[in-house]
Amino acid sequence: MKKLMKGNSALCYGAIAAGCDAFFGYPITPQNEVPEYMSWMMPEKGRVFVQAESEVAAINMVYGAAASGMRAMTSSSSPGVSLKQEGLSYIAAAELPAVVCNVQRAGPGLGGILAGQGDYFQAVKGGGHGDYKLITLAPWSVQECYDFMALAFDLADKYRNPVCMLLDGVVGQMQEAIDLHPVEVNRPAKPWAADGAPKDEKAVVNSLWVDPDILEDLNRRIQAKYRACAEKETRYTEYCIEDCELALVAYGTSARVAKTVVDNARKQGLRIGMFRPVTLFPFPYARLAELAEAGKRFLVVEMSCGQMAEDVMLAACGRTSVDFYGRTGGFVMTPDEVLDKAKQVMASPADPCQRSWEL
Amino acid sequence: MYAEAIFAGMGGQGSLLAAQILAHAGVYENRNVVWYPAYGPETRGGTAACTLIISDEQIGAPIASHPEILVAFNQRMLDAYIDKVKPGGIVIYNSDLAAAPQRKDVKAYAVPANTIAMEAGNMRSQNMAMVGAYTRVTGIVDASSVKWAMENHFPEKAKKAIPVNMEALRKGYDAAG
């Protein structure tokens, strides 16, 4: 039988199933169930759990554990994830696999403890210093919180790059029935790991390269990985898209609301559909470009002031109009609000140069 | 079948647990279920509300903005949520702590939850009286599934209180008939 649990708890069950060896974290609302559950689940399996003295310590513990070849993760919420950015840049530069969960709350600053989606830029555009990206997965259900953890660890290992699980407070706090099915785990050998085993060549983990030739080579190698990742790993789902005039573009909780909006709109005979990016990096630019080419308009819905909306505009590239509806402060938009906005958009002429961004 | 409900009370009245027991009953019946607490900085003595959605279809928005069902544990929460209930909706209220709602376009069910809980033997079982009333009035989940949920998903520290709560559940069910 399915089990009722929170998204936060599902992340833990998913991590255990994915063979996570070590968890390092520090409490913050609304992700506290993650360290709480891991504090008993990990020792029960003979694995490592450390409540670090700070978020900065936690991410550097992840850095060390990942360097030794372990499947390592941390989790936090927005302000805490900001503190981890230096470490994430180092991990990306050292080409190490790791997983970081961000159960986003409302920002900026310490903000509030209710849900938000204002960390999109931070997650998908790098976040820390230098040219790197986090492969970013955006679950919209408790089931996906479980399912995507194995995917996150696999992608991290495959591309030797940190992976972000980007949730929001609603996905983390809501309970749904999920199937804790066994997951397939693809765990490659890690000859590069500084694990103490005898090697022909010394395993060196480093993110400091004072020789500009070596550093530029590193940047080229990392960018080539991201191009390969974009080709192979871009994921999205579509709902009532084929015949739609207007596609709502949303992820996480906003996409859950958008799904209800589509159902309500269809009952009124309105041709509205939904496009949900599942990987936020790599972003599904190509598919959105096709939809723009086919004449569909976009209304981006986010619990932010319009962040993913900029990527949708890049994809549309002037071929169709991109409008935006957002709520902040911890509010989740209601289906009625979004449907009103959608009707207003559909009643106005499609002009790629005119945007109505509404907060 | 798709039913959105808001359960609302003061911290300590057990409104969140009430909805959670029903959520487990929904899972037991292989339904899609969402339980989402209106979590905030307030806890004991503050307000405690949550969304409960039970559906045969995939559930979209996880937060009820215009529920079909309101289960209000006191006057303050009845006042806070009564205007959100859909016309033709169901309002189940604790008649020991709230007066009948003024709205004429909803079906209101009075449940003397405190009295029932005292008779059952523990004041804290008032939430299960409300669960009993929800089960009877809505018919969304079967009473046997609710009993199963109580037996299998009651908080560990409250296991010995199950017989008292089962009694409150039965009396709440009867009161809403």
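Q: Which residues is Val312(A) in contact with, if we skip its neighbours within four places in sequence?
A: Val249(A), Leu288(A), Phe298(A), Val300(A) and Val322(A). Contact here means that the C-beta atoms, placed from the backbone, lie within 7 Å. Keep in mind that this is a predicted model, where local features need pLDDT of at least 70, side-chain atom pairs count only at pLDDT 80 or more, and totals for chains, interfaces and linings use all residues. Residues are numbered from 1 along each chain as its sequence is written, with chains lettered from A and ligands numbered from 1 in the order in which they are written.

Q: OK, and how many residues does the largest nonpolar core have?
A: 182 residues, and Val312(A) is among those with the most contacts inside it, as are Leu22(B) and Met130(B). A nonpolar core is a set of buried Ala, Val, Leu, Ile, Met, Phe, Trp, Tyr and Cys residues joined through C-beta atoms within 7 Å. A residue is buried if 20 or more other C-beta atoms lie within 10 Å of its own, exposed if 12 or fewer, and partly exposed in between, with C-beta atoms placed from the backbone.

Q: Which helix gives the most to that core?
A: Helix H7 of chain A, residues 142–159, with 11 residues. Helices (H or I, at least four residues) and strands (E, at least two) are DSSP runs, numbered from the N terminus.

Q: Switching topic: which peptide bonds are cis?
A: Gly107(A) to Pro108(A) is one, with omega near 0°. Another goes from Phe281(A) to Pro282(A), also with omega near 0°. Pro282(A) sits in the loop between strand S12 (279–281) and helix H11 (285–293) of chain A.

Q: What about phi of Asn30(B)?
A: Phi is near 65° there, a positive value in a residue other than glycine. Asn30(B) is in the loop between helix H1 (15–28) and strand S2 (32–37) of chain B.

Q: Is Asn30(B) buried or exposed?
A: Exposed, because Asn30(B) has 11 C-beta neighbours inside 10 Å.

Q: Last one: at what angle do H3(B) and H6(B) cross?
A: Roughly 140°, and the axes of H3 (residues 113–120) and H6 (residues 162–175) come within 9 Å. Axes are lines fitted to C-alpha atoms, for helices over the stretch in contact, and angles run from 0 to 180 degrees between N-to-C directions.

Q: What do we call that?
A: H3(B) and H6(B) are oblique to each other. Angles under 35 degrees count as roughly parallel, over 145 as roughly antiparallel, 65 to 115 as roughly perpendicular and the rest as oblique.

How values were computed
Two residues are in contact if their C-beta atoms, placed from the backbone, lie within 7 Å.
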